[in-house]
Amino acid sequence: MSAGAFVEGAVSGLPLEEADFVIVGSGAGGGAAARVLAASGARVVVLEEGPRLDPKTLGVSEGASRNRLFRNQGKQAAFGRATTPILQGRCVGGTTFVNSAIVWRLPAKILERWHDEFGLADGLPARALDEAAARVEEELSVRPVVEGVTASQSDLLLRKGSQAAGIEGRLIHRYEKGCRGSGRCFHGCPHEAKQSTAVTSLRRAVGDGGFVVAGARVERVERRGGRAVAVHGFFSGDGPEHGQRFRLAAKKAIVVCGGAIQSSNLLWRSGVRSAHLGRHFMAHPGTAVMGLYPERVDAWTGASQGYEAFGLRDTLGVKFESINVPPEVTGARLPGAGARFAARLTELPYVANWAVALKAEAEGRVRPSLLFGDYVRYDLTRGDLERLRQGMRKLAEMHFDAGAREVITGVAGLPESLRSRDEVSVFDDAPLDPRGYNLVMTHLFGGCRAGRDAATSVVDPTLKVHGVDGLYVMDASVFPTNTGVNPQHSIMSIAGVAAARLAG
Amino acid sequence: MTLTDFERDWAQTIGRALLPAGALDGATDGIDLGARYAEECAISPWYAALAFRASLWLTWLAPLWMMGRLRTFGGVDGATQVEVLERLLKHRVYFVRMAGLFFKLAVCTLLLGDEPTLAQLGAYKLAPVARLKKTGS
């Protein structure tokens, strides 16, 4: 097998006129699929819209790295009663390049539901998924955050708070090799210790003869006689060929791995029509509750996320995580203006940010838009908001139990800050209106949900698009329900299983 | 979307009311916030750039529509400027509140998010860095 390569599309064009498999997107799904298909000896080309970046060039500024690494510079949003930012990576490695590398296998209860309600047992059998997950864990070097090395003070405080509350938790299990605790997971790990697909599965695929083309945006899939035969797009990177259009044929199949929003919209632009395409869009919206401690927290050391308390996941539908967001973002959440704000900023080293991630029951909708490119409509339900405010109250209690001297509520209409545990009941009066909260959406699911019945789903149990031969979707857009856990590992596992079947 | 020169000046004035000179031991004092705000606006998607611009106008004219005074933001004293910002950030109307928060987030990203300031904060174990370039990027 001849060696493949990483290619900058806008500089070098496409490496081939025809591949066996064309994979659209280089994140968790695209990386896992490329790894398996290239290892089978097939000619694989991965097309990634974003750039391939050397993390050492990204620097320490959150804003500068966000502008280069995130879709729409991190300024993408879902619209509804509230406007909610959506964070998605747009670079080689996709969101695996900019997330906290958190590992969770797909919960057995969720998989059982997928089998029972959606008929996915043949396509995604439990044993095959387990084997795929184990292989990924081995290849991506999964291990828990290490106390004294990669655990931050915020992590240890959350552990203290969750233990006081009797909520089960653990130091987070992550894909990393040689993490130095630089606190910059969201910037793109400066030491390439995070095992994103950019440094793992894509490199393996290239070693097996595959090509990864950065700066190549796919606009639509060409179909002939009910079969997907090629992709059309343009070079989106910097360079002399910027804007130039391309067509790349696929002899065997096209595998779409653009994520819940982009995969749905690529199918839509390609003429795929289903009553369920772009629907059942789900997420884990989250917000932070900040605690100010008497001792320094220095929430810029350690892994960006190091501890999680998941004991309420199956009851309240929330998971708590420590989250060391960059200081400039934390700073903006501190209250006030002028001298009062300046004084608050001196307290930044004493802030611990803990997030409540909500397994929301809300379902939204995704569509291409002339104005926005991608349009997402999403509104939390009343039940979601009730659980969100209960989760925030619990986090405030845990902060005080862990020794916080003050808690910043971050909710419109509530007191700016609380000084004692006796005051946390204010969260019971928090608005049942998403406009009261500063939410961020991550972990996006649905839009191309899988199922046996073409009348109620977009892809079949093998993840092939119903009614279109040679067109597959292998990312979180096929998830038929919200999983309640960080999705990267589940995406890699299902893509691994589906790609192995496709490779024969 | 390109900001006009007067909009750059507005960004500088409003931003400095939000985070006054001397804050964090003067770590951000040498930064030309107006220029940075304009740069961020220029490279942003159109709808985000519109939000940058709208939050500027909303704030600049806030003394008029929020307090009923025939003044712009630049025409009121420092204490009133701070009061305007505080009221914007707590405003009962969602989009007004969000405009205030959007501006605050932008200012924090632009002022706090460069290496000398982060070093001053003690973040990322950065060694103190002299600010070599005082304006723009």
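Colleague: Is the crossing of α1(B) and α4(B) left-handed or right-handed?
Modeller: This is a predicted model, in which local features need pLDDT of at least 70, side-chain atom pairs count only at pLDDT 80 or more, and totals for chains, interfaces and linings use all residues. Residues are numbered from 1 along each chain as written, chains are lettered from A and ligands numbered from 1 in written order, and side-chain values use heavy atoms, without hydrogens and water. A crossing is left-handed if the near helix is turned anticlockwise from the far one by less than a right angle, and right-handed if clockwise. That of α1(B) and α4(B) is left-handed.

Colleague: At what angle do the axes of α1 and α4 of chain B cross?
Modeller: Helices (DSSP H or I, at least four residues) and strands (E, at least two) are numbered from the N terminus. Axes are lines fitted to C-alpha atoms over the stretch in contact, with angles from 0 to 180 degrees between N-to-C directions. The axes of α1 (residues 5-18) and α4 (residues 46-60) of chain B come within 10 Å and cross at roughly 70 degrees. The pair therefore counts as roughly perpendicular (65 to 115 degrees).

Colleague: Is A:Leu463 buried or exposed?
Modeller: A:Leu463 lies in the loop between β21 (440-447) and β22 (471-473) of chain A, and has a positive phi of about 75 degrees. Its relative accessible area is 0%. Under 20% is buried and over 50% exposed, with a 1.4 Å probe and protein chains only, so A:Leu463 is buried.

Colleague: Which strand holds A:His280?
Modeller: A:His280 has a phi near 60 degrees and is buried at 12% relative accessibility. Its place is in chain A, in strand β13 (residues 279-292).

Definitions and conventions: Angles under 35 degrees count as roughly parallel, over 145 as roughly antiparallel, 65 to 115 as roughly perpendicular and the rest as oblique.
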